[in-house]
Amino acid sequence: MQNKRKIFVWTLFDFANTSFSIVVVTFLYAVYFKKTIAGGEPIGDLYWSIGTSVAMIITAIISPVLGAIADHSAGKKRFLLFFTALCIIATASLYFVGPGEIFWGIFVFVLANIGFEAGLVFYDAFLPEITSPKNYGRVSGYGFGMGYLGSLATLAIVYPFIESSLIRETFPVAALFFLIFSVPLFLYLKDTRRKVERTKSFAAIGFERVWTTLTNLKHYKNLAIFLLAFFFYIEGVNTVIFFSGNYASTTLGFTEMELLVFFLTVQTTAIVGSIVLGILADKIGQKKIIIISLFMWLITITIAYFVHDKSGFYVVGLIAGAAMGSCQSASRSLMSKLTPPEQKTEFFGFYSFFGKSSAVIGPLVFGLVSFLSGDQRIAIISIAFFFIIGFLILTKVKDPQVAAGE
């Protein structure tokens, strides 16, 4: 298969899986959980933050081990298939969760989120196999761009359901969308497979390789610093993603239809941000692009804190979309450049570990502050701390492109 076709098939998975991200995590199920399942009570924020944190903790723990196993057996596609199926089945099952069923609402969401997040470890690890290092930025950007395009397509499909107040029905629709558009990757993208001789279980091999990587992390100082910076700033990004719909709905009184328009705005600028700044990242370096996006995030949070009208919040969406697209895309491509090729899935497991474990603290802080104060505005300003710390650590990272004098 030619590289362009490989890249297209790979990006199509991004197109597919964002149906889960936009419908379940960011928009409809997040609002449905707070309003319907939790009865609109402030403690709904705390329950939601606990659910997201539990999913992220589990994913963070298993990701490096699964990545190490996949590297040893070169079986990325098998693991990706398993977690994709888990996410799709659990997402469809959310249809059956009704008012007051908080435990089941959280339990099924946690399963779906684990499937989505753990699958990304193996999906991201395909990036170094489908293109060369000089194109990591733009190809990663294409992936995120396709993802946001998938969000737009999903929102267009669920629009009639929202208009008819059929919110629960959007969950199986999102699952079906994910299923249909994820199939091409499994049919057409080849996974480098090799027969391995082993005397231990894959789990034992996985834990051993992770331990070896941890003890040798001092040899990858630049990568370790980047992962620490990533831990903090992606904390802020994840918290915004988990609570943006909730914040707009609860604090600013957005209706489902107004939220739809808001997220259409966010996804549109995210496409532009991920592709344009992804291409620019190959020219000026991924580190500079991430720094630019972090300043954009700080501006976003500041405006969100002071905005009291709905129209002003659309400005927040415009900036947040561009910041989200560029930040995620540039981080993935910088990680690809800093990672040893022979341990790519294992290190992407650590990338996932830092990304997911960071998503524990931010949402919990937001949920707890919101619950204790009864004011989401106070909670939102706390997110700035994570972006500032991430920026300060990121300044210590050496951008390999700049270091090589390209």
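Reader: Which residues does Thr131 touch, not counting residues up to four places away in sequence?
Author: In this predicted model, Thr131 touches Ile7, Tyr136 and Val139.

Reader: And where does Thr131 sit, and is it buried or exposed?
Author: Thr131 is in the loop between helix 6 (127-130) and helix 7 (136-163). Thr131 counts as buried because its relative accessibility is 12%, and the cut-off for buried is under 20%.

Reader: OK, the other loop then. Where's Ser165, buried or exposed?
Author: Ser165 lies in the loop between helix 7 and helix 8 (170-188). With 61% relative accessibility, Ser165 counts as exposed.

Reader: Switching to helix 4. How many residues does it have, and how far does it reach?
Author: Helix 4 (residues 76-93) has 18 residues and reaches 26 Å from its first C-alpha to its last. That is close to the 26 Å expected at 1.5 Å a residue.

Reader: Tell me about Leu80. What is it in contact with?
Author: Leaving aside neighbours within four places in sequence, Leu80 is in contact with Phe13, Gly119, Phe122, Tyr123, Phe126, Leu185 and Phe186. Leu80 has 0% relative accessibility, which is why it counts as buried.

Reader: How far apart are the C-alpha atoms of Leu80 and Phe122?
Author: They are separated by 5.8 Å, with the two residues 42 apart along the chain.

Reader: What about the largest nonpolar core, how many residues?
Author: It has 131 residues. Those with the most contacts inside it are Trp10, Tyr29, Leu185, Phe226, Tyr233, Trp297 and Phe313.

Reader: Which helix gives the most to this core?
Author: Helix 10 (residues 221-250), with 16 residues.

Reader: And what is Trp297 in contact with, leaving aside its neighbours within four places in sequence?
Author: Trp297 is in contact with Val237, Val240, Ala320, Ala323, Met324, Cys327 and Phe387.

Reader: Last one. Which elements have the lowest and highest mean pLDDT?
Author: Helix 17 (residues 400-403) has the lowest, at 58, and helix 8 the highest, at 95. The chain averages 84, and 93% of the residues score at least 70.

Technical notes. Residues numbered from 1 in each chain as written. Predicted model: local features only at pLDDT ≥ 70, side-chain atom pairs only at ≥ 80, totals over all residues. Heavy atoms only, no water. Core = buried A, V, L, I, M, F, W, Y, C linked by side-chain atoms within 4.5 Å. Buried < 20%, exposed > 50% of the residue type's maximum accessible area, 1.4 Å probe, protein only. Helix = DSSP H or I, 4+ residues; strand = E, 2+ residues; numbered from the N terminus. Contact = heavy atoms within 4.5 Å. Expected span 1.5 Å × (residues − 1). pLDDT = per-residue confidence, 0-100.
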